[in-house]
Amino acid sequence: MSFESAKKYLSDRGFGDKVITFEVSTATVELAAKALNTQECRIAKTLGFIVKDTPILIVMAGDVRVDNKKYKQVFHEKAHMLSYESSVELIGHAPGGVCPFGVNENVSIYLDESLKRFETVFPAVGSSNSAIELTIKELEELLPNASWVDVAKE
C-alpha cells in the first residue's frame, strides 16, 4: 500500500513516470546508491520522528546525521525516532521505504539544508526497492507545505 500511495501522490502531480523500481533492495543509503549508481550523499533519506505527539519527517542528504543540539534548537525537545510499527501507523510508510510522498495527513515535513548542495537527489517512493530523481526545486514544488531546517551534523 505504501508504494501505491506514494506513486499516486507523484502521478497526480505529473511525476509518476519518473518513479524507478529495482529488482534489488534500496532500503539503505548504501544499497540505494549502489542500485542508482550514484554517491551516497545524493540519496535523500527520510527520517521519522515524534515531536509533541505529532509525527514529522526530515529529508536529508545520505551522508549526514542528525545533530542532536541543532535538532533540539529547532524542535525544542530531544530527537525521538519512530519505531518500525510507529512509522507504519503514523507516517504510512515502513522503514526502508519512508518518503515524504503520500504520507498521512497529520505529518509535518521538513527538508534539511544538506540537500541544497546537489542539483538532483534521490528520495525513496514508499518501498524498499524504489526511488525518484528530483531537482531541489521539484522537491519543493512536490512538498509545498514543507519547511527548510538545518539539523545536520557538519
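1. A pocket here is an open set of grid points with protein on both sides within 12 Å along at least five of seven lines. Keep that in mind for what follows. The model is predicted.

2. Start with the largest pocket. About 350 Å³ of space lies in it. Its lining counts 24 residues, and the closest to the centre are Ala27, Lys45, Thr46, Gly96 and Val98. Rolling a probe the size of a water molecule over the atoms shows where empty space is left.

3. Which elements give two or more residues to the lining of the largest pocket? They are helix 2 (29-36), strand 2 (43-51), strand 5 (120-123) and strand 6 (130-132). Strand 2 gives the most, with 6 residues.

4. Look at the kinds of residue in that lining. The lining of the largest pocket holds 15 nonpolar, 8 polar and 1 charged.

5. Now turn to strand 4, residues 108-112. Is it mostly covered or mostly open? Strand 4 is mostly covered, with 4 of its 5 residues buried.

6. Strand 4 has paired strands to check. With strand 3 (residues 54-61), strand 4 pairs in the parallel sense over 4 bridges.

7. Helix 1 (residues 2-12) comes next. Which of its residues are buried? They are Ser2, Ala6, Tyr9 and Leu10. Viewed down the axis of helix 1, these buried residues fall within an arc of 95 degrees, so they line one face of the helix. On the other side of helix 1, Lys8 and Asp12 are exposed. An α-helix has 3.6 residues a turn, so residues three or four places apart point the same way.

8. Last, the cysteines. Cys41 counts as buried because its relative accessibility is 14%, and buried means under 20%. Cys99 is buried too, with a relative accessible area of 0%. How many disulfides are there? The count comes to 0 disulfides, where a disulfide needs a pair of cysteine sulfur atoms within 2.5 Å. A disulfide is a covalent bond between the sulfur atoms of two cysteines.

How values were computed. Residues numbered from 1 in each chain as written. Predicted model: local features only at pLDDT ≥ 70, side-chain atom pairs only at ≥ 80, totals over all residues. Heavy atoms only, no water. Buried < 20%, exposed > 50% of the residue type's maximum accessible area, 1.4 Å probe, protein only. Pairing = 2+ DSSP bridges. 1 Å grid on protein atoms, 1.4 Å probe; cavity = no way out; pocket = protein on both sides within 12 Å on 5 of 7 lines; lining within 4 Å. Points joined across faces, edges and corners; volume = space filled by probe spheres on them. Nonpolar A, V, L, I, M, F, W, Y, C, P; charged D, E, K, R; others polar. Arc of directions from axis to C-beta.
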